[in-house]
Amino acid sequence: MLEIKNFSKFYGNKKVVENLSISVQPGDIYGFIGANGAGKTTTIKAVVGIHDFENGSITIDGHSIKEEPVICKKMMAYIPDNPDLYEHLTGFQYINFIADLFEVSTEIRRERIQRYGDLFEMTKHLSGMISSYSHGMKQRTAIISALVHSPKLLILDEPFVGLDPKATFLLKKIMHECVSDGGAIFFSTHVLDVAEKLCNKIAIIKNGKLIASGNTEEVKGNESLETFFMEVQDNEQNLDTN
Amino acid sequence: MSKIWILIRVQLMNFFPINEMKEPGNKKQSSIVITSFGIITLAIFFFVYNIITAKTLVQVGQQELIPAYMVSVSSFAILFLTIFYSNGILFGSRDMENLLSLPVKSSDIICSKFMFMYLLNFLIGLMFMLPGGIVWVLNGSLNVLQIILYFTSMIFVPLIPMCIAACMGIIIVVASSFFKRKNVIALIFSFAMIGIIGYIAVSAMKSGNENSIGIMLSKQITGLYPLSKLFMEYYNFPMHIGVGLFIVLSIVFFYIFAKMVSLKYGLLNTLAKTTTRYSDNKNSNSRTSVFFALYKKEMGLFLNSYMAVLNAGFGVICLCVFSIFFLFNSLQQIGEYSGIENINEYLSNFAPICIASMFVLSCPAAFSISLEGKNVWILQSSPIRVKTILNSKIAVNLTLHLIGYIISVFIVLVKLDMDIIQTVSLIIVPICYSIFITVIGISLNKKFPNFEWESEMMIVKQSMPVIVSSIIGMTVLVIPILLHWFLHFPIVPTLLGVALILLVIAGGVYIKTCRLNF
């Protein structure tokens with residue numbers, strides 16, 4: 001589904017991600033873990049076509065994000081860590097705008113907006129301007145707009161920040177539903193407990209380099225993910241279990 | 001005082017790309033060089049223009065009016081320009097919430113914001129006062145005190161017009177906050193105030209209908225800005241006392257303004273930041289095309305930005321106002337008023353370029369990509385071709401122009417007796433200029449976007465694409481006129497020829513811009 005091969009990214013002369021390779025298969029909930037400034041968001045933004053990059057390749061279902069960006073983007077949805085949405089639109093208008101860009105039919109979008117709006121308890125708020133929303137409401141609107149076109153691949157950057165416990169629970173449920181339908185999820189997080197319970201695969205990045213990746217159980221071994229993460233933060237040896 | 005300085009320093013570092021200039025190999029450096037070139041070109045133009053104006057006053061024996069003239073014109077320019085951006089700087093900028101949470105007095109914040117705005121206006125004032133002052137000093141028998149006071153007064157000239165403009169801004173903020181569609185109301189108030197200022201300027205120009213050129217000029221100057229009277233010499237009231245009084249008045253006026261505003265600064269800022277209470281219960285889920293969805297979004301983004309409509313809508317609104325004025329006044333009246341003998345022929349020849357000049361003033365495409373700001377991730381991560389995004393932004397610009405175009409061309413066609421080639425020129429030339437300036441604006445913004453702005457004012461008024469596209473626009477407006485004046489090219493065919501060349505250039509630039517990644 002998502003293949004990142006030898007990906008490197010520079011900001012000026014500074015190398016922020018170096019030779020990173022990750023493979024996300026259908027059915028995977030893939031957690032991308034690292035400290036602040038490790039290169040998680042840079043990698044995610046390159047995957048979704050926001051950042052250009054110098055070396056390596058990123059493909060979605062065999063299509064290169066560099067060569068065929070429109071085809072790639074049609075297959076995925078991206079939710080950033082801080083959802084800056086168009087504040088002058090209402091929630092309904094914004095979701096419909098995204099649905100238009102993804103060419104979702106009227107019937108399908110109506111059904112999905114109703115379903116996810118109800119699920120996230122947003123239906124009654126969607127007529128209001130986004131500028132009047134709280135952070136959590138914006139986050140939920142961004143999630144609904146991401147789900148309205150049923151993406152094969154969901155890319156999320158710190159998705160649980162700002163969500164209340166119920167919305168967090170619902171998002172986790174939807175993530176499971178998405179992968180059970182043959183989709184895949186790649187998301188960054190700082191919440192190690194969530195990653196440990198939710199992800200079947202994880203990758204740990206430190207200073208732009210991948211230091212561990214593979215099946216969650218194999219990567220962390222008998223330790224908790226938190227203990228393992230703290231250990232690898234101090235020890236840079238490559239622990240790729242693939 | 002030290003806190004005010006710290007706040008000003010941060011604003012300057014944020015506004016002027018000081019750190020980017022220092023950083024070797026920074027991508028923004030080419031954009032900074034082009035912007036600097038554009039600003040320096042404009043500054044030189046104004047400097048030379050004001051030297052010529054001052055020298056003309058010397059030639060007609062009115063050199064003693066130079067200080068009053070320069071104070072009057074620069075104050076008026078500062079007042080007019082400040083209305084367009086005072087609210088963007090003083091209230092509602094993104095850094096305000098952070099600043100209000102810091103242990104800094106409101107008066108320090110308002111002073112720092114005001115002083116930042118002052119620095120920009122001081123440079124505008126300098127472009128008038130310095131060249132005028134040089135010509136005045138070189139052509140008058142002056143004492144040292146007069147010279148020192150004149151050059152000292154340059155520091156104080158921006159204060160009063162800025163305070164007046166800021167007060168107008170406050171009235172707009174407070175008055176519009178009572179309405180549900182506060183943005184629309186704020187725009188109506190703003191344009192009404194600009195209209196009032198324009199009316200005062202026109203009235204001042206008409207007031208000097210005297211036999212003596214000296215009396216006529218002094219009436220015009222003081223009509224435009226009454227305080228400029230303090231820069232005139234009287235037998236019982238020497239100029240140095242007047243200038244001294246002007247400096248004291250400016251300081252007192254500014255002090256009272258800062259104190260009064262700081263008392264209610266939090267409230268004013270909240271009113272400016274309060275988002276519209278508008279909600280839309282007509283929740284249509286109908287599918288539309290990608291282009292139309294982007295166009296609708298783009299139009300909403302533009303119309304919801306007070307700064308964008310105020311600045312980029314100005315040219316088209318002026319065009320509509322002038323056209324309506326033209327409709328309700330007879331050709332004879334306009335001819336008498338303007339002093340042009342064959343007004344029908346004159347306007348038939350120059351109407352296309354007049355309409356085009358208003359389009360050059362209205363180019364939202366030049367900041368439309370930057371206006372996405374932090375929302376740009378939505379377009380970047382969506383499955384849309386760059387061409388479709390650019391087309392939607394171009395379409396909004398052309399829609400704006402279309403409103404002015406239909407009204408003005410229709411009125412000109414009704415009022416003037418034109419031959420076929422003049423009619424063709426009237427129809428084709430504005431369209432070509434409109435397309436050209438829109439494409440140049442969007443391509444410059446595509447090449448040099450700025451998504452990290454704190455206030456829309458930064459991209460709408462002072463960004464590199466806006467400045468450079470304005471200079472390019474003015475240049476292509478002047479070219480056919482210069483060819484007509486100096487090389488005696490027939491104006492109508494020249495206009496048509498230049499317009500068609502611009503259309504070809506626009507086509508080439510458009511194709512090249514569509515190839516760039518978003």
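Student: What makes chain B count as domain 1 and domain 2?

Tutor: An automatic or database domain assignment sets the bounds. For chain B it gives domain 1 (2–8 + 35–273) and domain 2 (290–514). Their centres, taken over C-alpha atoms, are separated by 29 Å. This is a predicted model: local features need pLDDT of at least 70, side-chain atom pairs count only at pLDDT 80 or more, and totals for chains, interfaces and linings use all residues. Residues are numbered from 1 along each chain as its sequence is written, while chains are lettered from A and ligands numbered from 1 in the order in which they are written.

Student: How many residues does the contact take from domain 1 of chain B and from domain 2 of chain B?

Tutor: It takes 16 residues from domain 1 and 16 residues from domain 2. Two residues are in contact if their C-beta atoms, placed from the backbone, lie within 7 Å. On the domain 1 side, α3 (29–59), α4 (66–90) and α9 (182–207) of chain B each supply at least two residues. Of that side, α9(B) gives the most, with 5 residues. Helices (H or I, at least four residues) and strands (E, at least two) are DSSP runs, numbered from the N terminus.

Student: What makes the largest nonpolar core a core?

Tutor: The term means a set of buried Ala, Val, Leu, Ile, Met, Phe, Trp, Tyr and Cys residues joined through C-beta atoms within 7 Å. A residue is buried if 20 or more other C-beta atoms lie within 10 Å of its own, exposed if 12 or fewer, and partly exposed in between, with C-beta atoms placed from the backbone. The largest such set has 201 residues, and Ile155(A), Phe186(A), Tyr433(B) and Phe436(B) have the most contacts inside it. This core draws at least three residues from each of domain 1 and domain 2 of chain B.

Student: Which residues is Ile155(A) in contact with, leaving aside its neighbours within four places in sequence?

Tutor: Ile44(A), Val47(A), Val48(A), Met76(A), Tyr78(A) and Phe186(A).

Student: Why is Lys197(A) called exposed?

Tutor: Count the neighbours. Lys197(A) has 11 other C-beta atoms within 10 Å, so it falls in the exposed class. The residue is in helix α7 (residues 192–198) of chain A.

Student: How do you know that helix α16 of chain B is hardly covered?

Tutor: Among the 8 residues of α16(B), residues 331–338, the count of buried residues is 0. Gly339(B) follows α16(B), and its phi is positive, near 75 degrees.

Student: Why does the radius of gyration of chain A agree with a compact globule?

Tutor: The radius is taken over C-alpha atoms, and the globule rule is 2.2 Å times the number of residues to the power 0.38. With 242 residues, the rule puts a compact globule near 18 Å; chain A has 18 Å, so the two agree. The C-alpha trace of chain A spans about 50 × 40 × 35 Å along its principal axes. Buried residues make up 49% of chain A.

Student: What does the side of chain A that touches chain B consist of, by class?

Tutor: The contact takes 36 residues from chain A and 28 residues from chain B. The side of chain A has 15 nonpolar, 12 polar and 9 charged residues. Ala, Val, Leu, Ile, Met, Phe, Trp, Tyr, Cys and Pro count as nonpolar, Asp, Glu, Lys and Arg as charged, and the others, Gly among them, as polar.
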